[in-house]
Amino acid sequence: MSVIDIKNVVKIYNDSEVKVHAVNGISLTIDEGEFTAIVGPSGSGKTTLLNMLGGLDHPTAGEIYVGGTNIGTLKGSKLIDFRLHNIGFVFQSYNLIPVLTAKENVEFIMQMQKVPSKIREARTRELLTQVGLGDRLDSRPAKLSGGQQQRVAVARALASKPKYILADEPTANLDSKSTENLLDIMEKLNREEKITFIFSTHDARVMKKARRVITVEDGKVIRDERKTN
Amino acid sequence: MIWSIAWKNIWRSKVRSLVVIIAVTIGIFGAVMLIGIMQGWINQRVSDALNNEVSHIQIHHPEFLLNEEMKFTIPGYQTLIDSIENTTGIVAFSPRVKIFALAQTDWASSGLVLKGIDPESEKQVSKIHENLIEGGYFDDESVLPSMVIGSKAAENLKLLNYEVTTDKLQKPEISELGEETLKKLQSLEGTRYRSEKDFRIALISVLSPHNYKESGDMLVRYFSFYRLRAKVTVTAQKITGELVYLTFRVKGIYKTNNTAFDGLTAFVRSDVLKSETGLGADDYHEIAILTESKNLGVTLAKDLGEKFSQYEIMSWKELSPDLALYSDYMKVFDLMYVGIFLLALSFGIINTMLMAVLERVKELGMLMAIGMNKVKVFVMIMLESVFLTLTGAVVGMIVSGLVLSYFSRVGINLGMWAEGLEAIGYSAIIYPYISFDVYIGVILLVILTGILSSLWPARKALKLNPAEALRTE
């Protein structure tokens with residue numbers, strides 16, 4: 001069952017009167033439970049594509065359907081609300097709220113969804129335990145390592161029960177041990193709970209773990225490989 | 001959680017936030033103290049004037065105030081009094097005879113306004129009896145009728161004398177001056193000085209410049225005394241126009257915060273004044289009325305004026321327009337001070353909040369990306385601004401409240417400017433006062449400033465594009 005349907009999406013930036021085709025007619029389908037990496041050199045259009053999948057940018061042409069909704073037509077608070085309930089984000093530089101503890105960072109997104117406090121607390125504890133931080137609930141980001149912070153970010157992305165999680169170069173700032181640890185956790189969540197992950201990455205270790213690798217170049221998909229393992 | 005994040009956010013940059021909080025605290029303290037001092041000062045002046053000089057309402061013959069001629073007494077006095085006694089809101093009244101006279105002692109003469117009063121009725125309306133600094137208040141009549149005179153008038157009539165006496169030299173109050181100085185002062189014994197100037201010249205002649213500079217003022221006060229029971233002869237005009245000479249004995253000296261009033265006004269019994277000047281038993285020039293409140297005084301004066309159009313009935317606001325001006329415009333001045341302070345404060349907050357927003361572009365982009373809507377982003381930034389100002393405001397209000405409460409009990413002594421201040425009717429000791437509504441008003445205005453000052457920084461945040469914001473370093 002498809003989670004995302006991308007139909008002939010084009011994104012053109014008008015930079016100093018020169019039109020830049022960042023994404024140039026991409027069509028794709030992402031199914032539920034995929035563990036997909038979008039790869040490509042810098043400037044290939046992978047981040048632009050990821051931004052459009054996350055509803056942070058609108059396509060110039062084409063449509064992106066998420067669970068039947070064309071997110072290109074959503075504007076303002078409807079789009080923000082859509083992101084809140086359907087998409088999880090993991091960023092390259094973790095982007096946790098520094099004044100909140102790990103627990104509060106995860107809880108925050110559920111609070112915005114108006115989840116009752118008891119359910120919120122139980123889910124926060126469960127998620128942080130799942131990412132191996134059950135003993136660091138009350139630590140602030142500054143007291144956590146990069147790998148631990150990124151695991152909190154994963155737990156935060158999962159907290160809203162999204163349809164899919166977009167991870168933009170999630171391992172770029174991590175050492176190899178932390179990268180391996182994070183990927184194992186995400187893969188486990190993917191396999192056991194059927195959570196859909198879409199990465200944009202340069203990291204060979206991520207590509208190795210991904211079961212589908214989409215290669216983008218000059219705004220076009222030049223390769224779409226599915227692994228059988 | 002927005003509240004909690006906003007509160008925690010202001011402590012990210014502790015120094016910057018503390019600078020703003022301290023600035024707000026100092027600003028609030030300054031504004032509250034300034035308003036408190038001004039309000040206290042004005043209230044005291046108004047209160048003094050109402051209690052000692054004008055009361056709440058005065059009734060005169062319509063032509064009396066033009067030239068204050070003796071013949072313009074209040075017609076139909078008894079009927080008028082019956083009506084006043086039955087008017088709700090009137091606490092007390094005091095009928096007065098008021099004549100201009102030349103007062104003389106053996107050593108000087110001076111013009112005086114003689115107010116003929118019934119001491120008991122006057123006690124209900126004015127507080128002259130509470131302002132006595134020497135002597136008594138018509139309680140022990142001797143052969144000669146009594147006079148209660150202002151301290152400055154007594155000084156003008158050279159009833160304030162200075163004399164170094166053995167008795168005073170031996171008292172412990174001045175023992176700290178040292179034996180040598182006391183010995184020098186002993187040489188002035190036996191001479192009575194009738195003016196401060198003469199006594200100071202004498203002190204300068206015996207004391208070293210250093211001793212005089214250190215102790216001169218204290219010695220002038222210490223060796224001064226009023227000549228109670230001295231005779232004061234008053235030359236006035238009878239109702240028939242002939243001159244009449246009346247002799248009084250000084251019974252008491254009063255001192256208000258208004259030197260001009262003290263220098264011109266003396267009180268005597270109205271029956272003495274009336275019988276000597278040929279006025280009838282019901283002839284009075286002025287009825288001073290005290291009402292339940294000064295505002296009621298204004299209303300009642302208007303009502304009585306409409307009811308008794310044959311008299312000139314004036315409220316304190318008409319009798320003393322300067323008091324009315326201070327009283328009515330005090331809140332306008334308060335708003336001006338607070339307005340200037342809040343304007344300066346708003347620039348500080350805008351600057352701080354802009355810095356806070358620009359430093360957190362990436363984080364704000366993240367918050368919007370994960371689903372924080374614009375209303376919540378706006379509220380968060382506004383709350384940060386409000387918390388910042390409110391923290392300073394609360395500290396400022398507590399500090400200023402404590403300081404104000406202390407000084408409202410002990411007063412702020414501006415003794416070194418006493419002469420100048422009392423010359424224009426102001427007390428040299430200020431008891432700061434701030435009304436509760438002004439106090440609360442200042443807090444509310446500070447919160448409002450916090451909200452308004454957050455609008456621009458919040459707008460900056462709302463205009464961020466999450467995708468672009470996330471790319472910033």
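The paragraphs below walk through the two chains of a predicted model, from overall dimensions to single residues.

Residues are counted from 1 along each chain as its sequence is written, while chains are lettered from A and ligands numbered from 1 in the order of writing. Because the model is predicted, local features need pLDDT of at least 70 and side-chain atom pairs count only at pLDDT 80 or more, whereas totals for chains, interfaces and linings use all residues.

Along the principal axes, the C-alpha trace of chain A spans about 50 × 40 × 40 Å. Of its 229 residues, 46% count as buried; a residue is buried if 20 or more other C-beta atoms lie within 10 Å of its own, exposed if 12 or fewer, and partly exposed in between, with C-beta atoms placed from the backbone. Contacts are also defined through C-beta atoms placed from the backbone, which must lie within 7 Å. Among the contacts in chain A with a separation of 6 or more, 71% are between residues 24 or more positions apart.

Helix α5(A) is mostly covered, with 12 of its 14 residues buried. Among them are Val152(A), Val154(A) and Leu158(A), together with Arg151(A) and Arg156(A). The cover over these buried residues includes strands β6 (87-90) and β7 (164-168) and helices α3 (102-112), α4 (117-130) and α6 (176-193) of chain A. Just after α5(A), Lys161(A) adopts a positive phi of about 50°.

Two of the covering strands are themselves partners. Strands β6(A) and β7(A) run parallel and are joined by 4 bridges; two strands pair if DSSP finds at least two bridges between them. Phe89(A) has Leu166(A) in β7(A) as its bridge partner. From β6(A), Ile87(A) and Phe89(A) point one way and Gly88(A) and Val90(A) the other way, and all are buried.

Chain B has 20 helices and 15 strands. Its radius of gyration of 32 Å is well over the 23 Å that the globule rule gives for 473 residues, so chain B is more spread out than a compact globule. The C-alpha atoms of chain B fill a box of roughly 100 × 70 × 30 Å along the principal axes, and buried residues make up 40% of the chain.

Chain B is divided into domain 1 (2-49 + 323-471), domain 2 (62-158 + 228-310) and domain 3 (160-226), with bounds from an automatic or database domain assignment. The centres of domain 1 and domain 2 of chain B, taken over C-alpha atoms, are separated by 50 Å. Contact between these two domains involves 6 residues of domain 1 and 5 residues of domain 2.

Elsewhere in chain B, an open sheet of 3 strands has the order β7-β6-β8 with antiparallel pairing. Its edge strands, each pairing on one side only, are β7 (192-193) and β8 (224-226). Strand β6 (residues 160-163) of chain B is joined to β7(B) by 2 bridges, and Glu163(B) stands opposite Arg192(B) in β7(B).

Ser110(B) lies in strand β3 (residues 109-117) of chain B. This serine counts as buried because it has 20 C-beta neighbours inside 10 Å. Leaving out residues up to four places away in sequence, Ser110(B) touches Ala103(B), Ala153(B), Asn156(B) and Leu157(B).

Finally, the two chains meet through 19 residues from chain A and 17 residues from chain B. On the chain B side, α1 (2-10), α16 (361-369) and α20 (466-471) each give two or more residues, and α16(B) gives the most, with 5 residues.

Technical notes: The radius of gyration is taken over C-alpha atoms; the globule rule is 2.2 Å times the number of residues to the power 0.38.
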